Structure formats: C-alpha cells, structure tokens
Amino acid sequence: MSRIAAAFGELYGAEPDGVWAAPGRVNLIGEYTDFNDGFVMPLALPHTALAAVSRRDDGVLRLHSADVDGGVVQLRTDELAPLTPLAHGGWAAYPAGVVWALREAGHAIAGADIHVTSTVPTGAGLSSSAALEVVTALALNDLYDLGLSAPQLAVIAQRAENAFVGVPCGIMDQTASACCTEGHALHLDTRDLSRRQVPFDLAAHDLALLVVDTRVKHALGDGAYAERREGCEAGARALSVRALRDVPYASLSVALASLPDERIRRYVRHVVSENNRVDRVIALLDASDPRAVGPVLTEGHASLRDDLRVSCAELDLVVEAANAAGALGARMTGGGFGGSAIVLAEASLTDTITKSIETSFATASRTPPRIFGAIPSGGAHRIA
Ligand code: ADP
Ligand code: MG
C-alpha cells in the first residue's frame, strides 16, 4: 500500500477507493493576458498534489491535509455556501469549493472522505491551489462517473476558486493542471479555451528550465492585480475593442498614439506585445529552435517590470544574475511582487547559474531562494 493510502487508512479506518495526482504549473510566456482574452503557455511541473479519496453517500464530506495542522474538517455537502467563514478560514475551502461547484453544476455529489498531501510549494506562484482543486475534481469525476472532460474539470475548479474561495483567478492554472502533457507547453486561448500541445522537450535539446522561488511575497501585490485588470479594461474601452486581445500587434503604435493616459498606454503596450511574444515563442518551438525562446523571455520580463510594473527587486535580481551567468533568458512568472521566476539555460550551465543566483541573493542580504529544475510533465491522472 502506498504511503498516502496508509495515511488515509489511519485517518478514516479503511482503504481509499483510489489515489489521484494533479500538478502545479509555471507559465512559460503570456503573463497578465488571461483577463484580456489573450494567450498563455503554461507547462505542468513534476510537483503534484495527491489525493486519496473514498466516495460516501450520506451527505458527509471529510477533508484532511497532511501538510497543515488542524485535523479532519467535517462538513455537510448540502450546507456548503460560498464566501462563508470556511471559505475565508483556510485550505479546506479549496476542495469543499470543488464539491460545491460540482453540485451547482447539477452533479449529485453526496459526500467523500479526502486526504491530501502535496509537493507543490504553496504561495510561490506555482498554483498549489489549482493542483488541490483539480485533484479533487478528478477524483470525484471518477468516483461518481460524471464523465467530465479535463477542460470541463478545469472550469469547475476555477469556479470553486472564484466563487467559493473568492480569488478572482483566470482559467490558466486549472487548465494547466488538468490538461498539460509531458514534454509540452500548453498553448491556451483564454477567450474560446481552444488548446494546443506545443513540443517543449528540454532534455532532447540539452536545455534546462530553472524555477527560482524567491520566497518573498510583497503586500503591494494584494491590490495590484485588480488595478491592472481595471486599467486594461479601461484601455479596451478607450480603443473600442471587446478586450485587448483584439488589438493586433501590427497596429499597436497607432493604438498607443490614440491613448492620452500614460498608465493605460503602458498596460496596453504590455498586453499587446505579450500576446505577440506568445506567438513568437510558439513559432520558435514549432521550428524546433527552443534556444531562441530565451531572449523573448527576457524581453517579456522587461515589459512586466517597466510597463506593467509588477516585478520587484528580488525577481529583477534573478533575471540579471541568471543572464549575467550565461542563461539564454529569464523572466518573472505569475502575478509578480515576489513568487517565482524562470530561467532557460543550457543544461550544462545549470550549476553555474544556480550558484550565481544564490551568490547575488547572499550579497544583497536576501532570503536564499529555492531553485529547482522544471521538467514539462503530464496533467492530472489517477495513480491507484
Ligand atoms: P499558489 O496557488 O500560488 O500556491 P495560493 O495562495 O493561490 O498560492 O494557494 C495556496 C493555498 O492553497 C494555501 O494557503 C492552502 O490554503 C491551499 N493549499 C495548497 N496546497 C495545500 C496542501 N497540500 N494542503 C492544504 N492546503 C493547501
Ligand atoms: Mg493559486
């Protein structure tokens, strides 16, 4: 019996019906584009949330995480309500929110015993929350024979996070966790949700993608997402388009010239140029030229730092140190103001670049970052 099944047995007194896994993710390119109906390109990490789950049909939902103190949370499925103290009070809102969202969508989920544990670092911008939601959704999909597809499960998981937990995230994280495949990045159109797996086999090209978790989270980030979102929507209104995705890159300078507000101009320039960077990265990967992706990442970082202004000293330090040590390119990934950065590099330079980033953090008296290699991995699946 696996460790997680044994832990489930100790908690609930029986073996689980099954065990499921769902990964965290990093976004290769396409940042702050999802609420502009734009393009994103995440890949799944080898780090996963695991859930051992048994179905029950008496209306009781029991939740436990090996990774947080506080014991088993017991709820009734018919009493789940969004934005209650449960939703604000902690981790149990994520799996409970999935049960709520499934029931809202008309699926008669009548209870479950759930035990989770995860290797996805939390709060590092690597979507530990989406991994937890998607693993719960997939387990219930299987145990209740719901027949939902991976993208449909992602929509349920996003609804849980938006409406039950109260976090206004886009659809990228949950879709990445549900739909990514090994050796690929996922090109996702956040308007119509069409997807394509784009080959991104790092090992075959002797490349490495490092994830650098700065382990900082600046309070400044709290209202920034909403402010950028509002600014982008104002830009779309001023340009008379449904969303900034509808501004073609070829007409960017004309569009910018028509905008009087300097702040809105910067936001529009970021979003329109970032969608173009997604296009360029796809073209490079399709042409089997992944090394040329590096400079596009660094260009994207400059845009997030200077135009959208969502970077911070630690993220800039990662990018500068990595590029100075010979990386092909680097950028912050996720919402910014802390969290993680990614570095694309020759596999042979991994140690040199890692040391160089660590040294630059030590010299600047910063908390040592956590650095690991990202292997483009598969999406959520059943493992036992
Ligand atoms: P991110 O998704 O970037 O890691 P979030 O703040 O969106 O950061 O989600 C982190 C939250 O998800 C945690 O505070 C916790 O409530 C929940 N969570 C993630 N992984 C686990 C886990 N293994 N056990 C319990 N809760 C978890
Ligand atoms: Mg999250």
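Let's start with helix H4, residues 128-143, which gives the most to the shell around ligand 1, with three residues. Helices here are DSSP runs of H or I, at least four residues, numbered from the N terminus. A word on ground rules: this is a predicted model, where local features need pLDDT of at least 70, side-chain atom pairs count only at pLDDT 80 or more, and totals for chains, interfaces and linings use all residues. Residues are numbered from 1 along each chain as its sequence is written, chains are lettered from A and ligands numbered from 1 in the order written, and side-chain values use heavy atoms, without hydrogens and water.

Now the ligand. There are 15 residues around ligand 1, and Ser-65, Asp-67, Gly-123, Ser-128 and Ser-129 come nearest. Being near takes a heavy atom within 4 Å. By class, the shell holds six nonpolar, eight polar and one charged residues. Gly counts as polar in that scheme.

Next, polar contacts, meaning N or O pairs within 3.5 Å. Ser-65 puts a polar side-chain atom 2.7 Å from a nitrogen of ligand 1. Ser-128 reaches an oxygen atom of the ligand, at 2.6 Å. The protein covers 77% of the 560 Å² of accessible area that ligand 1 has on its own. That area is Shrake-Rupley, with a 1.4 Å probe.

Last, the rings. Centres within 6.5 Å make a pair; planes under 30 degrees apart are stacked, over 60 edge-to-face, the rest tilted. The count is five aromatic pairs. Trp-100 and Phe-164 have centres 5.6 Å apart and planes at 45 degrees, so this pair is tilted. Trp-100 lies in helix H3 (residues 93-104) and Phe-164 in helix H5 (residues 150-165), so the pair ties together parts 64 residues apart in sequence.

Note on methods: A polar contact is a pair of N or O atoms within 3.5 Å; within protein, one must be able to donate a hydrogen and the other to accept it, and residues adjacent in sequence count only if both atoms are side-chain atoms. Helices (H or I, at least four residues) and strands (E, at least two) are DSSP runs, numbered from the N terminus. Rings of Phe, Tyr and Trp (its six-membered ring) pair if their centres lie within 6.5 Å; planes under 30 degrees apart count as stacked, over 60 as edge-to-face and the rest as tilted.
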